[in-house]
Structure formats: structure tokens, C-alpha cells
Amino acid sequence: MNADQLAAGMAPSPPKQEAAPTLRIRALMLGDRINASGLEIGTLVSSAPAAFRVHAGLAVIFRYGVVVLIGLLPSEEKVLIDNLKSRVTGELSPFEEEIAHAQLCSDEAAEAIQPGGPICLAKFSDDRLLLVADALAKSTSLARDERRVAAVFDVIEPFARELAEHGRTPRRRKGILQLIGNALLVQQRVAGRVAIAEKPDVLWEKPELDRLYSRLEDEYELKERLDTLERKLAAVSETANALTDIIDTQRSLRLEIAVVVLILIEVAMGSFQLLAGRGH
């Protein structure tokens, strides 16, 4: 082996590129509502939504029952969740959950969400993390509502099949009314509490981050899922109302028949008494 070959063999390999810093982001839907009024779990970062600096991470609490934990250790997450349980209304079991990862990218122009990969951010600023928390919280809440509406469809399907195959409707009007109630509850959550279509408050102060939020909306398909959910809710309401109307019509018909039968019986008895009186 000559000197050149030896030098080539001993040439140092290029240094490995260090992995970009990554944050774990975990969204948990604890229940129907979380009361964050007067909550003190760390340094307040934002009031709408309520966000606190906890240890080296961030906890963002949404009134519609979702808490987003950013950069916290599993043990720290457990302690925080246990502290919040007393403030939760309509606690879920198990919790609805979504997990994402945020990673630093080279510059602001490169901010994007890789399909199935991490969310690339120019920096881990509070404003950017609040936008990610908002999108992930809405996605988690939508997942819960989508599951509830799917369950309502599972109940409606046998009713519709019985009507189609046998021309009969279910006699359980109470069950139909419960279906309407479930649909109304989901509609109330979507329209009143979660407000999927509304942009987060931080964009009013930082409009330059609108592009990042639009990318987050696209990644989690928030608008598309909301449109699909609203169409399903409308279908549930129309089907349930139609079944209720049919049941009410059938009951009215039976009542009218019963009234006619009673009138006929009364006429027959009157005629019998009249004939009997003439016979005497």
C-alpha cells in the first residue's frame, strides 16, 4: 500500500449531522369541559386558551375538555392530569388521545408538516406551539365527535333496514328521541364550544403565522372533517325526525281507529236498547 492509498484509507469520515431538537406533543380529551378558572399550575403564558409553563414544557387547556401537553415527561404529564381531574365535567374513560412531534427546521420558509412525520417549526416559540396545540386539540375533539356520530349511525341502521325490508317501524319512540338528543349534543359541541372553523386568538396578534396555521389545518383536515361531520349530523337528524313522524302517524291512526270502534260499539248498543224497548 503506497502513501496515497494509506492517506485515503485514513481520511476522517465527515461528521454526522446532529438530529434536530424534537418536542413530543400529546393531546388528551379528558371530558366534556375543563374549568381552568383560577388554575395555578405554572407560569401563565396565555389566557385564551389557558396555557402555562410547566417545568421545561407547556400545558395548554381548552374549555371544551382537551389539554395539550408539550415537551413534558410522562411522569410530569400524569401529575398534571391528576390535578386537572377535579376540574373536568363529564369525564371520559378512556381518554381520547392524539400524539404529534415538533422538530426545528432550518428557516421559517421551510415550516411544513411532513405526511406522517414531524411538524417542522422555525423555532419553538410560544406562539407557534399554541397554534400547534390548537390544531391538535380540535383534531382530538373531532375524533371523539366522529366516533359518537358513527355510533348513532350504527343504531339507526337496523331501524332503517326494518322499515325497508318489512315496512315496519320501531315502536321505541324513546330510542329515536335519544338519537336526536345525541345528534344535538354533538352539534352543540361543534358549533358552540369547539368552534372548529374559528382561528385561534394568537393569529390576531401574529398574522404572519397564518400560513403555518393553514398548513396545520390542511394536515389534520379540520375543515373537511367538520363538513363531513355536519353532513352526517344533518342526516341523523332527518332520519330520526322521519322515523318519529312515521311512529306518530301510526299512533294517530290507531287512535282514530279506536275512536271509530268505540263509536260503532256505542251506536250498536243504542240500537240494541232501542229495539229491546220496542219489543216490550
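The face of α6 turned away from its buried side carries R211 and D218, both exposed (over 50% relative accessible area; under 20% is buried and anything in between is partly exposed, with a 1.4 Å probe and protein chains only). The structure is a predicted model, in which local features need pLDDT of at least 70 and side-chain atom pairs count only at pLDDT 80 or more, while totals for chains, interfaces and linings use all residues. Residues are numbered from 1 along each chain as its sequence is written, and side-chain values use heavy atoms, with hydrogens and water left out.

On its buried side, α6 (residues 210-220) holds L212, Y213, L216, E217 and Y220. Seen down the axis of α6, these buried residues fall within an arc of 140°, so they line one face of the helix; the arc is that of the directions from the helix axis to the C-beta atoms. An α-helix has 3.6 residues a turn, so residues three or four places apart point the same way. After α6 comes E221, whose phi is positive, near 50°. K223 then belongs to helix α7 (residues 222-279). With a relative accessibility of 49%, K223 counts as partly exposed. The C-alpha atoms of K223 and A197 are separated by 6.8 Å, although the two residues stand 26 apart along the chain.

Stepping back to the whole protein, the secondary structure comes to seven helices and ten strands. Here helices (H or I, at least four residues) and strands (E, at least two) are DSSP runs, numbered from the N terminus. Of the 280 residues, 36% count as buried. Among contacts (heavy atoms within 4.5 Å) between residues at least 6 apart in sequence, 69% join residues at least 24 apart.

Helix α2 (residues 74-84) has E76, E77, L80, I81 and L84 as buried residues. Viewed down the axis of α2, they fall within an arc of 130°, so they line one face of the helix. What covers them includes β1 (22-29), β4, β5, β6 and β7 (88-89). F95 sits in the loop between β7 and β8 (96-104) and is partly exposed, with a relative accessible area of 27%. From F95 to G31 the C-alpha to C-alpha distance is 7.6 Å, across 64 residues in sequence.

Finally, the pockets. On a 1 Å grid over the protein atoms alone, a pocket is an open set of points where a 1.4 Å probe fits, with protein on both sides within 12 Å along at least five of seven lines, and lining residues have an atom within 4 Å of a point. The largest pocket has a volume of about 340 Å³, a volume being the space filled by probe spheres set on the grid points, which are joined across faces, edges and corners. Its lining consists of 20 residues, of which A48, P49, F62, R63 and D201 lie nearest the centre. The elements giving two or more residues to this lining are β5 (57-62), α3 (126-166) and α4 (173-194). The lining divides into eleven nonpolar, two polar and seven charged residues. Ala, Val, Leu, Ile, Met, Phe, Trp, Tyr, Cys and Pro count as nonpolar, Asp, Glu, Lys and Arg as charged, and the others, Gly among them, as polar.
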